[in-house]
Amino acid sequence: MGSAKEIAKDFYVNLTDFFDIRSQHNRDYLYHPDTLLLPSQIDALTAITDPRNSYDSRGFDWTNNLVVMLVKKAYYTHPDFHMKVDYAPWQLYLRLPVQYERLHYKRGVLDTLARQTVFVPNFNFDYRNVWKGGLRDVRFHTEFHQERTLLMDRINIYDNSHPLIVKLGNPDLKPSAVTKVSAEYYDHAGRNKAMYHLSASFNYHHRDVAQSLTYNPATGVYTYKPMNVSGACGALVMFSTDQNIGEKRYWTWHASAGALWDHSKDHAMLEGYTESRVNTVNTLGLNSGANIRFNRKSLNIRAVGYINWRRSEGNMQNLSTLSALEYHYGLEGYYTLSATKTSFAADGTMYSRRGYGSSELNTDDFVLNASVSQPLFKGKLIARIEAFDLLHQLSSTQYDINAQGRIVTWYRSLPHYVMLHLVYHWNKNPKKK
């Protein structure tokens with residue numbers, strides 16, 4: 001339930017409270033299917049049960065979630081439309097959950113009754129300042145977010161239901177928590193209605209939950225255990241601008257630039273070790289892009305270009321520094337015949353990558369697409385034929401680095417095709433009463 005009330009002029013408070021209660025019962029009696037030879041042996045299941053990993057779990061939990069929102073209301077007058085526009089100069093959002101959890105868990109010789117009561121507050125705060133009738137706008141946002149640790153993950157269990165994998169619990173596991181801060185500036189007051197946008201953000205991970213790993217070379221068994229990892233963080237800065245050229249505004253251009261820094265931390269198994277350690281990978285990225293467009297009547301032409309550079313390095317012995325460059329450039333056009341309303345569209349883009357350790361990733365792929373569309377029956381039916389990647393050059397492979405080392409990602413996609421579209425527009429207006 002909730003309620004909102006104006007406690008002062010243009011100042012509102014909203015209180016909401018949710019209460020949730022749950023109960024659950026899970027059990028799993030594990031058997032050794034390799035010893036169950038014939039259907040007649042079903043009666044002997046008790047003799048082939050895996051008692052160390054069979055479990056019976058009875059859980060009960062409730063959550064009382066109080067949400068408090070404080071909002072300051074204001075307005076500005078738009079200079080073009082001469083109308084009042086509402087906005088919030090600042091607002092505070094508090095989520096104050098109290099959570100209780102009880103778990104009766106039996107597994108092998110383990111018979112435990114565990115309880116926990118946790119308070120994991122979260123908050124968001126937004127500030128906004130608008131002047132010159134909304135043409136200039138500054139926004140600031142900060143938040144603190146945390147998630148409780150499940151009681152099941154904190155029970156000291158030993159799960160070896162898989163002969164080569166052991167899973168452990170961690171009684172010392174703490175909730176994950178992250179702080180995020182961001183700011184934005186918008187400026188629409190330039191000449192020819194130019195627009196500028198500047199943004200910056202930073203996030204700091206007080207605690208994450210990672211999986212530690214231990215390997216026993218004598219038995220070949222891997223042991224996993226959840227652990228807290230602290231100190232990961234990242235920052236991003238972006239700038240962009242859009243502007244018209246000339247009084248008739250046939251030409252427009254867009255430019256952007258940005259910088260990324262990522263300090264990633266996670267558990268990873270280093271080469272030559274039998275126990276994982278907290279590994280750090282630092283990534284610095286710089287990017288820039290621009291496009292210019294000509295638009296007059298039925299003709300639309302746009303030229304684009306983009307470049308992205310990344311440098312990643314870590315403390316893993318078998319991880320070499322990656323310094324990679326990705327860029328693309330191309331031209332696209334669209335034209336409609338005034339007599340028949342037939343539309344033609346085509347675009348060609350060169351995608352290039354350099355600096356990767358594999359020649360399969362250092363590629364130049366020229367992607368060419370084209371389409372033709374024709375309206376029929378006074379525009380009610382539109383027929384369109386589209387050809388994608390005519391030269392069969394598109395690659396669906398991406399190379400990246402996380403805190404555990406390099407990863408290669410393949411995306412399942414249809415690399416090239418020809419498709420026919422038929423679209424029928426049907427409108428029916430309600431009868432007048």
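Is lysine 341 buried, exposed or partly exposed, and what is its relative accessible area? Lysine 341 is partly exposed, with a relative accessible area of 49%; here buried means under 20% relative accessible area, exposed over 50%, and partly exposed in between, using a 1.4 Å probe and protein chains only.

A word on the ground rules. This is a predicted model, in which local features need pLDDT of at least 70 and side-chain atom pairs count only at pLDDT 80 or more, while totals for chains, interfaces and linings use all residues. Residues are numbered from 1 along each chain as its sequence is written, and side-chain values use heavy atoms, with hydrogens and water left out.

**Two loop residues with positive phi**

Lysine 341 has a positive phi although it is not a glycine, and arginine 249 also has a positive phi as a residue other than glycine. Both sit in loops between strands; strands (E, at least two residues) are DSSP runs, numbered from the N terminus.

**Two buried polar residues**

Histidine 267 is part of strand 14 and counts as buried at 9% relative accessibility. Its side chain makes a polar contact with the side chain of serine 276 at 3.0 Å. Such a contact is a pair of N or O atoms within 3.5 Å; within protein, one must be able to donate a hydrogen and the other to accept it, and residues adjacent in sequence count only if both atoms are side-chain atoms. The C-alpha atoms of histidine 267 and asparagine 279 are 5.8 Å apart, although 12 residues separate the two along the chain.

Asparagine 122 belongs to strand 6 (residues 122-131) and is buried too, at 6% relative accessibility. A polar atom of the asparagine 122 side chain lies 2.7 Å from the backbone nitrogen of glutamine 146. Leaving aside residues up to four places away in sequence, asparagine 122 touches Tyr93, Leu94, Arg95, Phe144, His145 and Gln146, where contact means heavy atoms within 4.5 Å.

**The nonpolar core**

In soluble globular proteins, nonpolar side chains tend to be buried together. The largest nonpolar core here has six residues: Leu103, Tyr105, Ala114, Leu151, Ile155 and Ile157. Such a core is a set of buried Ala, Val, Leu, Ile, Met, Phe, Trp, Tyr and Cys residues joined through side-chain atoms within 4.5 Å. Beyond four places in sequence, the contacts of leucine 103 include Ala114, Leu151 and Ile155, along with Ser57, Arg58 and Gly59.

Definitions and conventions:
Helices (H or I, at least four residues) and strands (E, at least two) are DSSP runs, numbered from the N terminus.
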